Amino acid sequence: MTQPAYKRVLLKLSGEALMGDDAYGINRATIESMVADVAEVAKLGVELAIVIGGGNIFRGVAPGAQGMDRATADYMGMLATVMNSLALADAMRQVGLTARVMSAIGIEQVVEPYVRPKALQYLEEGKIVVFAAGTGNPFFTTDTAAALRGSEIGAEIVLKATKVDGVYSADPKKDPGATRYSTITFDEAISKHLQVMDATAFALCRDQKLPIKVFSIVKPGALKRVVLGDDEGTLVHL
Ligand code: UDP
């Protein structure tokens with residue numbers, strides 16, 4: 001198959017995936033390899049929007065935030081996603097891709113605010129849009145931001161890039177007998193208590209009939225294979 005299976009996708013990159021094998025922060029080789037994957041997909045003419053997490057820099061519920069007011073800690077988490085978004089957009093610029101970062105919280109001197117029609121215009125122009133600062137609200141996650149922005153821009157699928165290559169029947173790190181689902185319905189995932197995304201994100205995707213593909217960003221070329229519709233990772237569908 002050489003034709004992409006989708007015209008417009010929302011790619012969710014976890015902040016932790018950016019760390020590579022480091023303990024925190026942004027690993028240069030890792031971000032470059034992610035950008036190379038993104039460039040392959042952009043070459044196919046697929047419209048690409050990206051939501052990036054912040055867990056490599058700050059997580060609202062992490063030990064470092066202990067004792068902190070939760071909302072304050074969450075705003076710090078959202079600012080961490082702005083840093084990652086800037087790093088990602090700049091890494092894309094370095095390989096000749098045009099990216100625009102749009103923030104859900106006002107920080108105009110640094111990045112432009114999220115305005116839906118503008119985001120749609122950028123996508124139609126073939127620019128890659130990076131949605132920063134999650135949903136802009138504490139008590140949410142960037143998975144929910146991915147579900148929300150994916151719905152808003154009419155993406156055909158949310159591609160959830162993680163370090164694990166799909167949804168397993170049990171934790172593959174703990175249970176060697178765990179098997180990977182190639183496809184699974186939203187209802188099956190709920191009844192089997194499989195963690196695909198947090199509950200809010202998952203419910204939003206299900207309500208909006210927005211399928212989710214969980215795949216490993218660590219595997220070279222996986223993003224392109226997913227966009228071409230190969231049987232890679234796990235497809236969560238209605
Ligand atoms: N966050 C938030 N609201 C959002 C998105 C993110 O408050 O809409 C905060 C929250 O503290 C979260 C942190 O930002 O822990 C980083 O996001 P996330 O944990 O989703 O990142 P990832 O797991 O993808 O690295």
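This is a predicted model: local features need pLDDT of at least 70, side-chain atom pairs count only at pLDDT 80 or more; totals for chains, interfaces and linings use all residues.

Me: Which residues have the most contacts inside the largest nonpolar core?
Reply: Val9, Leu48, Ile50, Val130, Phe131 and Val158 do, in a core of 67 residues. A nonpolar core here is a set of buried Ala, Val, Leu, Ile, Met, Phe, Trp, Tyr and Cys residues joined through C-beta atoms within 7 Å. Buried means 20 or more other C-beta atoms within 10 Å of the residue's own, exposed means 12 or fewer, and partly exposed is in between, with C-beta atoms placed from the backbone. The largest share of this core, six residues, comes from helix H1 (residues 28-43). Helices (H or I, at least four residues) and strands (E, at least two) are DSSP runs numbered from the N terminus.

Me: OK, ligand time. How many residues surround the ligand?
Reply: There are 24, and the closest are Gly53, Gly55, Gly60, Gly77 and Gly134. A residue makes that list if its C-beta atom, placed from the backbone, lies within 6 Å of the molecule.

Me: Which helices supply at least two residues of that shell?
Reply: Helix H2 (70-94) and helix H4 (142-152) each do. H2 gives the largest share, six residues.

Me: How do the shell residues divide by type?
Reply: Six are nonpolar, 14 polar and four charged. In this scheme Ala, Val, Leu, Ile, Met, Phe, Trp, Tyr, Cys and Pro are nonpolar, Asp, Glu, Lys and Arg are charged, and the others, Gly among them, are polar.

Me: What does UniProt list for "binding site"?
Reply: The unreviewed entry gives Gly54, Asp74, Thr135, Gly136, Asn137, Pro138, Phe139, Phe140, Thr141 and Thr142. They span 89 residues in sequence, yet no two of their C-alpha atoms are more than 14.1 Å apart, so they gather at one spot. UniProt positions follow the numbering used here, feature names are shortened, and annotations may be inferred rather than shown by experiment.

Me: Where is Gly54, and what does it touch?
Reply: Gly54 sits in the loop between strand S2 (47-52) and H2. Not counting residues up to four places away in sequence, Gly54 touches Gly15, Gly77, Met78, Ala80, Thr81, Asn84 and Thr142. With 28 C-beta neighbours inside 10 Å, Gly54 counts as buried.

Me: Is Thr135 buried or exposed?
Reply: Buried, with 23 other C-beta atoms within 10 Å. Thr135 lies in the loop between S5 and H4. Thr135 and Ala104 are 31 residues apart in sequence, with their C-alpha atoms 6.0 Å apart in space.

Me: And where is Asn137?
Reply: Asn137 is in the loop between strand S5 (128-132) and H4. Asn137 is partly exposed, with 15 other C-beta atoms within 10 Å.

Me: Last one, how many helices and strands does the protein chain have?
Reply: Seven helices and nine strands.

Note on methods
Residues are numbered from 1 along each chain as its sequence is written. Two residues are in contact if their C-beta atoms, placed from the backbone, lie within 7 Å.
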